[in-house]
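Hi everyone, thanks for coming.

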Amino acid sequence: MWKVKPPVVFPMETRYRCILENLVPPDPMSQFHLRRGSPEEEFPDLCRNFTWMGRILTPAMYRRQFDRCTPSGVMFDDVIRLGIEEPGEWCGPVTVGCLAGDAQSYILFCDFFDRIIEAYHEHKVTSKTPESDSNYDNLKGGDDLDRSFAVYCEVSVTRAVEDFCFPSHCSRGERRHLLSLARRALQKLEAELPGQLFLLEELSRQQQAEMKAASPTSLQLRCGVARDWPDARAVWLSQDGRLVIWVNIDDHLRLVSHRDDANVAEAFKRVFINLQKLEDHYRALKHPFIWKQQLGWVTSSPADVGTGLKVSIHLKLQLLPQHKRLPDVLTRLKICMEKTESPEVYSVRNIATFGQTEVELTQLVVDGVKLLIAMEKRLQASADIHELLPSHK
């Protein structure tokens with residue numbers, strides 16, 4: 001049996017020692033006959049890299065990961081490829097700069113991934129299993145946002161399917177098998193929620209635009225996520241248009257519920273009721289969603305581990321975006337705000353998906369949005385917002 005024992009001085013790896021010993025040969029790269037130099041010669045230039053990968057990766061860490069690969073062939077250079085292709089900007093938001101090729105990547109390269117996750121989500125990775133709470137009855141105030149400011153909301157959640165590589169590394173056969181599984185699971189879902197599955201390759205450009213099925217970006221093509229586009233990519237749309245399920249786009253599955261009345265509570269409810277049904281259907285097909293004890297739900301991006309949940313609310317704001325204290329307010333609230341295509345409309349969403357439950361993350365965004373609306377009202381009345389400034393969380 002192949003064996004490798006990680007150095008005991010790296011505590012993040014000791015948690016997975018028994019798994020690592022069964023996974024990794026002393027030099028798995030030798031079976032590929034790759035013409036590579038030494039770790040020192042192959043270490044990437046990170047001088048102008050502003051991702052978390054660029055900040056965290058050191059020559060010593062790279063050397064430890066250099067001769068490792070997962071059973072499906074994911075090696076460390078595959079993991080950091082995203083950050084090399086898209087190094088980020090010094091003044092912009094800090095992205096993770098890496099993608100997992102499969103679920104085993106999180107175990108094999110845990111010394112790297114755990115540090116990325118802790119930095120991005122600002123939460124320590126421990127042996128404790130992350131808590132989960134998707135009970136929509138525990139959400140407070142998601143249905144009473146001021147409609148003169150809140151104009152739209154979207155709740156989405158991503159999931160990956162056990163026994164399959166992630167999009168950046170999966171084969172055509174795997175991707176088509178995933179589509180077949182999705183078709184069978186969604187047929188069962190349609191018994192309770194009528195809808196229809198559309199293959200992207202069968203849709204016209206106008207239909208794709210109506211469904212917001214954008215063409216892949218150059219970055220998606222360069223990092224391998226959009227290989228063979230649009231082969232085996234699909235979108236399922238509920239009859240009432242309130243639930244959309246994307247198959248094989250950025251991840252295996254992405255459920256999205258949006259509402260023009262900005263009712264976050266109803267969008268959250270719609271997503272998680274149907275997510276639970278899909279989870280049961282996939283488990284019956286012997287391919288459950290991927291769950292790791294220390295991380296929770298995992299997908300291709302470490303930015304989505306834990307819950308895979310993103311909550312976005314669109315706000316009409318005129319004065320607050322120009323206020324000098326806004327960046328500090330957003331940092332304290334642990335949310336981010338970005339411009340949309342519409343003038344004076346901004347998207348407010350959560351950053352982290354790990355370290356809090358689904359309800360807590362949604363509550364974080366809802367409470368933050370209410371505070372931003374209160375500040376905008378104060379500024380419109382020519383009043384000061386100092387009293388409304390939140391404390392550091």
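A word on the model before we start. What you see is a predicted model, where local features need pLDDT of at least 70 and side-chain atom pairs count only at pLDDT 80 or more, while totals for chains, interfaces and linings use all residues. Residues are numbered from 1 along each chain as its sequence is written, and side-chain values use heavy atoms, with hydrogens and water left out.

So, the domains. The assignment gives domain 1 (33-121) and domain 2 (136-388), with bounds from an automatic or database domain assignment. Taken over C-alpha atoms, their centres are 26 Å apart. In the contact (heavy atoms within 4.5 Å), domain 1 takes part with 22 residues and domain 2 with 24 residues.

How much area is buried between them? About 1,900 Å², and carbon and sulfur atoms give 66% of that. By buried area I mean the accessible area (1.4 Å probe) that two parts lose on being put together, summed over both. On the domain 1 side, Leu99, Tyr106 and His121 supply 31% of the area buried against domain 2, more than any other three residues.

Elsewhere in my notes I have the salt bridge between the side chains of glutamate 86 and arginine 222, at 3.6 Å from N to O.

Which helices supply at least two residues each to the side of domain 1 that touches domain 2? They are H7 (81-85), H8 (105-108) and H9 (110-121), where helices are DSSP runs (H or I, at least four residues) and strands are DSSP runs too (E, at least two), numbered from the N terminus. H9 gives the largest share, 6 residues.

Finally, the backbone. Most residues other than glycine have a negative phi, and most peptide bonds are trans. Keep that in mind for these two spots. Tryptophan 229 and proline 230 are joined by a cis peptide bond, with omega about 0°, and proline 230 sits in the loop between helix H12 (218-222) and strand S3 (234-238). Lysine 286 has a positive phi, near 70°, and is found in the loop between helix H13 (264-284) and strand S6 (291-292).

Conventions:
A salt bridge is a side-chain nitrogen of Lys or Arg within 4 Å of a carboxyl oxygen of Asp or Glu.
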